[in-house]
Amino acid sequence: MIIVLAGTPGTGKTSLAKMLSERYNLRYLSLTEFVLEKGIWIDYDAQRRSFVIDPEGVVVEIRREIRKVYRGVVIETHDLELLWEAGIEPLRVFVLRCRPDVLYNRLLRRGWPFSKVLENIEAELTGVLAWQAKVYFPRVACEIDTTLAGVNATVERIARNIENIEKDNTICQSIDWVSDEDVVKFVINLSLKHSMGY
Ligand SMILES: Nc1ncnc2c1ncn2[C@@H]1O[C@H](COP(=O)(O)OP(=O)(O)O)[C@@H](O)[C@H]1O
Ligand SMILES: [Mg+2]
C-alpha cells in the first residue's frame with residue numbers, strides 16, 4: 001500500500017505522514033530526506049536555501065526503494081512529477097492545502113528568508129500541487145483543507161478515507177484560493193512588500 005501526502009511546505013505533510021505511518025505500521029519516507037541521504041542532488045541554491053536535485057537519479061532510486069518496501073509506505077513530497085515518473089501507483093494522493101494567510105504564519109516560524117516564504121505562499125495560492133495531482137494521479141487525488149482543522153481531526157479524516165476507499169469521497173474537497181478576494185489581496189500585499197524591499 002502506497003499513500004502519498006503532497007503539499008506546499010507547512011501544509012502538514014510531515015506531521016500527518018508520521019502519524020499515519022505509525023497508525024498503519026507503514027514505512028515513512030520523506031522524499032526530501034531521501035534525496036539528501038542518498039546524495040542525489042547536483043547543486044545547492046544558497047539564495048533559495050534548497051538543493052537542486054538530479055531528477056533522473058531520484059527516479060531510479062525511488063523505483064529501487066519502493067520495490068524493497070514490503071508492507072507499504074507513506075511518502076511525503078512537494079513534487080508529484082517525480083513520483084509519477086518513477087511509476088509509483090499510490091492508493092491515494094492526498095494534497096494538503098492551507099489558506100495562504102494561515103500558511104504564512106506557519107512558515108514564519110521556520111525562520112526562512114522572506115523570499116522563500118513568499119515563493120511558497122504563491123505556490124499555495126495557485127495550487128500547483130493540486131494541479132499536479134490532477135494531471136499525474138487523476139483517479140486517486142484528494143484535496144484536504146488543513147486551515148482550520150487540527151492535526152488529529154485531519155488524520156481521522158484521512159484514515160476514514162483510506163479505510164473506505166471505494167465509498168468515501170466525501171472528505172475530498174475542491175479548493176480554490178484564487179476566487180477568495182481577501183486571500184488574493186493578502187498575497188498581493190505580501191509580494192508588494194517584498195518588491196519594495198521590506
Ligand atoms: N490540520 C493540520 N494538519 C497538519 N498540520 C497542521 C494542521 N493544523 C496545524 N498544523 C501545523 O502545521 C505545521 C505543519 O508542519 P509540517 O508537518 O512540518 O508540514 P510540511 O511537512 O508540509 O512542511 C505543524 O506545526 C502542524 O502542527
Ligand atoms: Mg515536511
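Trainee: Where is the place of Arg-110?

Mentor: A word on conventions comes before the answer: residues are numbered from 1 along each chain as its sequence is written, while chains are lettered from A and ligands numbered from 1 in the order in which they are written. This is a predicted model, in which local features need pLDDT of at least 70 and side-chain atom pairs count only at pLDDT 80 or more, whereas totals for chains, interfaces and linings use all residues. Helices (H or I, at least four residues) and strands (E, at least two) are DSSP runs, numbered from the N terminus. With that in hand, Arg-110 is found in the loop between helix H5 (100–108) and helix H6 (114–126).

Trainee: Is Arg-110 buried or exposed?

Mentor: A residue is buried if 20 or more other C-beta atoms lie within 10 Å of its own, exposed if 12 or fewer, and partly exposed in between, with C-beta atoms placed from the backbone. Arg-110 has 11 C-beta neighbours inside 10 Å and therefore counts as exposed. The unreviewed UniProt entry lists Arg-110 under "binding site", together with Gly-10, Gly-12, Lys-13, Thr-14 and Ser-15; UniProt positions are given in the numbering used here, feature names are shortened, and annotations may be inferred rather than shown by experiment.

Trainee: Which residues are the closest to ligand 1?

Mentor: A residue is near a molecule if its C-beta atom, placed from the backbone, lies within 6 Å of it. Here 16 residues surround ligand 1, and the closest are Gly-12, Lys-13, Thr-14, Ser-15 and Thr-146. Helix H1 (13–23) and helix H8 (151–163) each supply at least two residues of this shell, with H1 giving the most, namely four.

Trainee: What does Thr-14 contact, leaving aside its neighbours within four places in sequence?

Mentor: Two residues are in contact if their C-beta atoms, placed from the backbone, lie within 7 Å. By that rule Thr-14, which sits in helix H1, is in contact with Ser-30 and Glu-76, once neighbours within four places in sequence are left aside. Because Thr-14 has 16 C-beta neighbours inside 10 Å, it counts as partly exposed.

Trainee: How does Leu-20 compare, and what does Leu-20 touch?

Mentor: Leu-20 also has its place in helix H1, but Leu-20 is buried, with 20 other C-beta atoms within 10 Å. Not counting residues up to four places away in sequence, Leu-20 touches Ile-3, Val-74, Val-155 and Ile-158.

Trainee: Which residues of helix H7 are buried?

Mentor: An α-helix has 3.6 residues a turn, so residues three or four places apart point the same way. In helix H7 (residues 128–136), the buried residues are Leu-129, Ala-130, Gln-132 and Ala-133. Seen down the axis of H7, these fall within an arc of 160 degrees, so they line one face of the helix; the arc is that of the directions from the helix axis to the C-beta atoms. The buried residues of H7 pack against strand E1 (2–7), helix H4 (80–85), strand E6 (92–97) and strand E7 (141–145).

Trainee: What does Ile-75 touch?

Mentor: Ile-75 lies in strand E5 (residues 73–77) and counts as buried, with 27 C-beta neighbours inside 10 Å. Residues up to four places away in sequence aside, Ile-75 touches Ile-2, Val-4, Leu-29, Leu-31 and Leu-83.
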